[in-house]
Amino acid sequence: MLHDLGIVGQIYTGVFALSGIVCFAAIGRARTFQDPDVRRGLVGLLATSGGWALLRAAGFLLPDPFRVPAYIVGLAVGFATVWAWLYFCSAYSGRTYHRNASLRRASAAVFLTVVAVKATNPIHGAYFTATEVSTPFVHLAVEHNVLHWTATGLSYVLSAVGLFMIFQLFFESGYDPRPLSALSALIGLPVVFDIVAQFTPLLINIIYAPVGVAVFAVGVLFVFERRFLAVQRASFGDDLSIYLDERGRIRDYSASVAEVLPELDESTGDRLSEAVPAVAEALESDDQILERERDGDPRYYFVSTSTTTLGDAGAQIVLLSDVTQTERQRRQLAEREAEVNEQNELYRGVIDVSFGFVFRIDRQGRFTFASPSVEEFLGYSPAELEGQPVSVTLPNDATVERAWTEIEPIFDGERNTVRDFPLETKAGTTVFTDVRGVPIYDGNVPAAERTTDDIVGIQFMVRDATNRREREGLISVINRVLRHNMRNKMGIITGYAEMLEGRLSGEDAEKATKIRDTADQLLDLTESAQRIEEYRELSPELEPIDVVPLIEDTVSELRMQYPEASVTVDAPDAVVAETHERLQTALWEVVENAAKHGGDPPVVEIDVTVTEAGVTIAVRDNGPGLPEAERDVLQSSVETPLVHGEGLGLWLIHWIVTSLDGELETTAGDEGTTVAIRLPKAS
């Protein structure tokens, strides 16, 4: 059959058959391309072009009844080549047109419409007409009509769009674009043959595009495959790139990297470690930073590698990313780190000494940080807690509800301290803790502009309260037992002393009175001890309170119990201080002490003054004055074997006032003693 075609026909048949075989043979190599979209586009381009070329060759060999159907099928497959080419160009150049659903649907509609016109040509004849001719060999001569040139014009425009994307990529890559640009231009070269065939009998009127695709495939996949890969990788990432072959020798590099590394000049074929040892050393270093001087200033580049393969060949692309600004900041931070290390260590030491552990939660109540000491305390490692809800460390639902009750004020910008809060360890046991919580604000918001909306979490400092609870529990039990027994025994002593007072006379009666008074003092001591136990929590929640009603109630009680005392009050109608209801207990201890130990008769004067510094309540008596040891108790709260008070009342005054963020001052003179209580004003 080839003999019937003559020499010219055999050449045409061979060229197209060879083009198809080359395209299909190149598919195996194209499938090794790592980028899946580029791989699909390239395989599609080769498959459609190969099929089109083989159908062209078959059209020369098939007998007359089959030539027209083969030609029509070839037209459809050939038109598919255009879309495969666009898919490949979009993927290779880093664009996303090939993934756009709307474009894909529009492309499918155009493709199916044109194929339908081609397939129905035997009916309407508007696409082409075909007749068998014998010059220069026996073949099907095709006369293309208007619809053909319309579809062909569309194909050329779309192919040109793809070429534009490819050329733009080549010129932006930094590599020498001439080899690949010339190779890509070969795809469009057959268009020249298509046009010339319209005007000369030397070429038969047939589309020559499959031949151009075959040449492109050979060049891309077998001749310039390394540069083909390097251009794409350099364009997608950093244009400072060096391309190495499987033996680590330099095969190519971008023009821009040569400006940074002038020693790359004429280094093709050399090993990277020999041509640019600084780059090889940077790759092996921990930070992978290369320092180079450009224009008199140090520049920093992050050096990385990426492995790629094509066919049986493996290769590496060495990329240099300019990280000068980031590296300068890192080095500045490293210098500052040395300065703050001591402060950080000090902070860590304070935390370790002051607290059992520290943790943070976000607004959803999930752990975002836990200090390492949490494992010793609760049995959880920090990694086990991070991301978990805070409820994982709480023993029951009631504790969870209590936790959120305490957490909510912190998210409103307040600080909060909770004593005796239960936590559950990993082993399931319950431990009691003292917890202090503070809000954490977004660090990007200046302190002066922060609001509660900028709170991103809470930091908690946790201290083990087990020993304190046990100690306080023991003290509480001892106090209750002592008070109970003391009251009972003192009640008996007081009863017998009163009975003896009625039966005895003279010096003996005075002794019985002394016994009764001493017993009463001991009973007062037990009452003070009870109040101290009640007020052992030294950090109550302060609030604005008018202290004048508290003073008036205290004075009324004093007049009832000590009717012989003269009591006067000089105070404004209302005085609001930042304090607590327990202030009344301290006031009573002060005025009662003044009434008990005042002159004969006792005189108690109470003055209330308000200044910018705060509120002062001064209580004066006309007694002989407090002994020095008693004044020391009020002012220093120190109790030693050599310095001690007669009772617990003075201790109670001191503890209450200091717990209210107040101050005490005593002044003793010849005409009595003044005790001044200073409280903060309400804000």
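Q: How much accessible surface does the chain have, and what share of it belongs to carbon and sulfur atoms?
A: The model is predicted. The accessible surface of its chain comes to about 36000 Å². Carbon and sulfur atoms account for 55% of that surface.

Q: What percentage of the residues of the chain count as buried, and what makes a residue buried?
A: Buried means under 20% relative accessible area. Of the 683 residues, 41% count as buried.

Q: How many helices and strands does the chain have?
A: There are 23 helices and 19 strands.

Q: What share of the contacts with a separation of 6 or more comes from residues 24 or more positions apart?
A: That share is 60%.

Q: What makes α2 roughly antiparallel to α3?
A: Helix α2 covers residues 36-61, and helix α3 covers residues 64-92. Their axes cross at roughly 160°. Angles over 145 degrees count as roughly antiparallel. Therefore α2 is roughly antiparallel to α3. The axes come within 8 Å.

Q: Which hand does the crossing of α2 and α3 have, left or right?
A: The crossing is left-handed. The residues of the contact of α2 with α3 divide into 18 nonpolar, nine polar and four charged.

Q: What makes α3 roughly antiparallel to α4?
A: The axes of α3 and α4 cross at roughly 160°. The cut-off for roughly antiparallel is over 145 degrees. So α3 counts as roughly antiparallel to α4. These axes come within 9 Å. The crossing of α3 and α4 is right-handed.

Q: Which residues in α3 and α4 meet?
A: From α3 come I72, L75, A76, F79, A80 and W83. From α4 come S107, V110, F111, V114, V115, K118 and A119. By class, the contact of α3 with α4 has 11 nonpolar residues, one polar and one charged.

Q: Why is K118 counted as buried?
A: K118 has 5% relative accessibility. Buried means under 20%. So K118 counts as buried. K118 is found in helix α4, residues 101-119.

Q: What is K118 in contact with, leaving aside its neighbours within four places in sequence?
A: K118 is in contact with I72, L75, A76, F79 and Y127.

Q: Why is Q10 called partly exposed?
A: Its relative accessible area is 33%. Partly exposed lies between the 20% limit for buried and the 50% limit for exposed. Therefore Q10 is partly exposed. Q10 is found in helix α1, residues 2-30.

Q: How far apart are Q10 and A57 in sequence and in space?
A: Q10 and A57 are 47 residues apart in sequence. C-alpha to C-alpha, they are 9.5 Å apart.

Q: Which residues in α20 and α21 meet?
A: Among those in α20 are V547, L550, I551 and D553. Those in α21 include L583, Q584, L587 and W588. By class, the contact of α20 with α21 has nine nonpolar, three polar and three charged residues.

Q: How do you know that the peptide bond between D600 and P601 is cis?
A: Omega is about 0° for the cis bond that joins D600 and P601. P601 is placed in the loop between α21 and β16 (603-610).

Q: Why is D420 called partly exposed?
A: D420 has a relative accessible area of 21%. Buried requires under 20%, and exposed requires over 50%. So D420 is partly exposed. D420 lies in strand β10, residues 416-424. Phi of D420 is near 55°, a positive value in a residue other than glycine.

Q: Why is D661 called exposed?
A: The relative accessible area of D661 is 56%. Exposed means over 50%. Therefore D661 is exposed. D661 lies in the loop between α23 (649-659) and β18 (663-669). D661 is not a glycine, yet its phi is positive, about 60°.

Terms used:
Residues numbered from 1 in each chain as written. Predicted model: local features only at pLDDT ≥ 70, side-chain atom pairs only at ≥ 80, totals over all residues. Heavy atoms only, no water. Helix = DSSP H or I, 4+ residues; strand = E, 2+ residues; numbered from the N terminus. Buried < 20%, exposed > 50% of the residue type's maximum accessible area, 1.4 Å probe, protein only. Contact = heavy atoms within 4.5 Å. Areas by Shrake-Rupley, 256 points an atom, 1.4 Å probe, with all protein chains shown as cover. Axes fitted to C-alpha atoms, helices over the stretch in contact; angles between N-to-C directions. Parallel < 35°, antiparallel > 145°, perpendicular 65-115°, else oblique. Left-handed = near helix turned anticlockwise from the far one by under 90°. Nonpolar A, V, L, I, M, F, W, Y, C, P; charged D, E, K, R; others polar.
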